[in-house]
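Me: I would like to go through a structure with you. Could we start with the terms and then turn to individual residues?

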Amino acid sequence: MDLSILIVNYNTCQLTVDCLRSVFASETEYTYEVILVDNNSKDESVQTIRELFPQVKLIENTENTGFAKANNQGMEVAEGRYMLLLNSDTIIQQDTIQTMVAFMDYNPIIGASGCKIVLPDGSLDKACKRGFPTPSASFYYAFGLSKLFPNKPEFNQYQLGYLNPDVEYPVDCLVGAFMLVRRETIEQVGGLDETFFMYGEDIDWCYRIKQAGWGIHYYPRTTIIHYKGGSARRRPFKIIYEFHRAMILFHRKHYRQKYNIFVNGAVYAGVGLKLLLSLLTNRLKPIRPATITQSSGGVEVKS
């Protein structure tokens, strides 16, 4: 088996059906399997997927285990030379599998790669190519300096906005919505860290992959669409909390020993301030009907 495609579903029945249809419409010479892990959905996801896509390997959890653990479950039964983490709210192109697997085959030193990801309006999903969230990079990003100086590399260390999104190059990290990883790489560094329930597990994985000596590459020769939750509605507290918790987890795991007490204290205070501001801003947004759905960081809000 060349490729194992791992999809985590949580109450995203129609999105997942559309995603699977795009996968099975692929034109490729490579063999692939699809492993779908359902995190105890309350909608008709399991029944619908079983009826429409009997060829999918379906794992049914009795609880929402989170994004990292669910993907690890899929990896345990996967048979492919490569593992593709693919969000349930994405649509791939007919050439995506062929293009990305061929790229990895031609570049054996690359441990993980990602393609260009666009939002439904055609704009770039900036998370598809990123630098690591060092204290300085996180500060510039969190407090808007990267937006004020979009063409200055020193202020855009995280989202790399100064780099052309239509050109290929090595990056620090990709996004879990689409991440193609070599089996040998996973065998060396391990799977996703299940301490991260939502958000951050993809950045942590990329950090460990690069620490192990593997390359990570952004390859925009094919494009997928990523349907994300809207930002104009009020979000549940858990989503906001877990997003900021992931920042602390990542810093403690990889950066705390590299910086002194003053830098670490500033990071924790900054995350705390950002959490407070996010909660206050969220309170001002209108309440709209929404459901919590699985996404690249674990949970998104869908209308």
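Reply: A polar contact is a pair of N or O atoms within 3.5 Å; within protein, one must be able to donate a hydrogen and the other to accept it, and residues adjacent in sequence count only if both atoms are side-chain atoms. This is a predicted model, in which local features need pLDDT of at least 70, side-chain atom pairs count only at pLDDT 80 or more, and totals for chains, interfaces and linings use all residues. Residues are numbered from 1 along each chain as its sequence is written, and side-chain values use heavy atoms, with hydrogens and water left out.

Me: Which side chain does the side chain of D38 make a polar contact with?

Reply: The partner is the side chain of S41, at 2.6 Å. D38 itself belongs to strand β2, residues 32-38 (strands are DSSP runs of E, at least two residues, numbered from the N terminus).

Me: Now S22: buried or exposed?

Reply: S22 counts as buried because its relative accessibility is 10% (buried means under 20% relative accessible area, with a 1.4 Å probe and protein chains only).

Me: Which backbone oxygen does the side chain of S22 reach?

Reply: The side chain of S22 reaches the backbone oxygen of C19 at 2.6 Å. A polar atom of that S22 side chain also lies 3.2 Å from the backbone nitrogen of I92.

Methods:
Buried < 20%, exposed > 50% of the residue type's maximum accessible area, 1.4 Å probe, protein only. Helix = DSSP H or I, 4+ residues; strand = E, 2+ residues; numbered from the N terminus.
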